[in-house]
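Hi everyone, thanks for coming. Please have a look at the structure with me, and I'll walk you through a few places in it.

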Amino acid sequence: MAELTALESLIEMGFPRGRAEKALALTGNQGIEAAMDWLMEHEDDPDVDEPLDTPLGHILGREPTFSEQGGPEGPGSAAGEGKPILSEEERQEQTKRMLELVAQKQREREEREEREALERERQRRRQGQELSAARQRLQEDEMRRAAEERRREKAEELAARQRVREKIERDKAERAKKYGSSVGSRPSPPAPEPGPVPSSPSQEPPTKREYDQCRIQVRLPDGTSLTQTFRAREQLAAVRLYVELHRGEEPGGGQDPVQLLSGFPRRAFSEADMERPLQELGLVPSAVLIVAKKCPS
């Protein structure tokens, strides 16, 4: 049984003649399988149907004949001379083998594409997992920095309050030292004469309850309020300092000194009042103060 040439076999399987010739030429005329592989890999190329400049004889692996070059008798004048003719059954059998080979190549190509798609999907999932892990690490770092910032602010606030208490204690010690000597040099007042002893228990004055702490609510000019508990023996200056530390930034950037007022009865506390204890000012056990902007002198 005579065999078809590679070019004829490719044309018989349905490939265009131009593509078949181009595949054979670019694969070095190494056989039909190599040509079929090239055709399947490049079937979607935009220039797959562009012809080559190589002569037909070079495509088929031989030098072009005189008739193929356009001799006097014209191309194809001797076509079919000396070439065995295939019967219909032989042609169908050879076509069947070629089609099976094409189907096998197509299956191999589909399997290869499926493996490549699976690999791309694995890479996509791996990249997604890495991105998710990086995002989670970033969130954890941000939460850790926020917690550290809150701890730092709390420590600074505690340190500020401690400095206020220490300053108040130093002021007390300085005042005691300053006025202690003058008080000691003054003549002591005469002891009061003993008065009459009350004849009835009903005449004894009621005992006054002593409070250790004082709850102060401070209303700010913007309508908000601050509430804090102080010791009854703390000075009013501690309340003013607490307000200055927590009232927030005012429009314009600068912070004006504040003046504390009592709601009822209306009273403006002076600088001398700032050194007096809350208990002595009648702000125990609780009181409501108002913050007004202090006019510069």
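Let's start with Pro285, which sits in the loop between β4 (267–268) and β5. A cis peptide bond joins Val284 and Pro285, with omega at about 5°. When I say helix or strand, I mean DSSP runs, numbered from the N terminus: helices are H or I with at least four residues, and strands are E with at least two.

A word on where this comes from: this is a predicted model, in which local features need pLDDT of at least 70 and side-chain atom pairs count only at pLDDT 80 or more, while totals for chains, interfaces and linings use all residues. Residues are numbered from 1 along each chain as its sequence is written, and side-chain values use heavy atoms, with hydrogens and water left out.

Now the overall picture. The protein has 6 helices and 5 strands, and from the N terminus on they run α-α-α-α-α-β-β-α-β-β-β. Of its 297 residues, 23% count as buried. Buried means under 20% relative accessible area, exposed means over 50%, and partly exposed is in between, using a 1.4 Å probe and protein chains only.

Which residues touch the most other members of the largest nonpolar core? They are Ile216, Leu236, Val239, Leu260, Phe269, Leu283 and Leu289, out of 20 residues in that core. A nonpolar core here is a set of buried Ala, Val, Leu, Ile, Met, Phe, Trp, Tyr and Cys residues joined through side-chain atoms within 4.5 Å. The elements giving two or more residues to this core are β1 (213–219), β2 (225–231), α6 (236–246), β3 (258–262) and β5 (286–293). Of these, α6 gives the most, with 4 residues. A second, separate core has 17 residues, including Leu7, Met13, Ala20 and Met40.

Staying with α6, its buried residues are Leu236, Ala238, Val239, Arg240, Tyr242 and Val243. Leaving aside neighbours within four places in sequence, Leu236 is in contact (heavy atoms within 4.5 Å) with several residues, among them Leu260, Phe269, Leu283 and Leu289. After α6 comes Gly248, with a positive phi near 85°.

Next, a pair of helices. Two packed helices are described by the angle between their axes and the distance between the axes. The axes of α2 (residues 17–26) and α3 (residues 32–41) come within 8 Å and cross at roughly 115°. Axes are lines fitted to C-alpha atoms, for helices over the stretch in contact, and angles run from 0 to 180 degrees between N-to-C directions. The two helices are therefore roughly perpendicular to each other, since angles of 65 to 115 degrees count that way, under 35 is roughly parallel, over 145 roughly antiparallel, and the rest oblique. From α2, the contact is made by Arg19, Lys22, Ala23, Leu24 and Leu26, and from α3 by Ala35, Trp38 and Leu39.

Between α2 and α3 is a loop that holds Asn29. Phi of Asn29 is positive, near 55°, in a residue other than glycine.

Last stop: Leu52, in the loop between α3 and α4 (56–59). Leu52 counts as partly exposed, at 34% relative accessibility. Leu52 and Leu26 are 26 residues apart in sequence and 9.5 Å apart in space, C-alpha to C-alpha.
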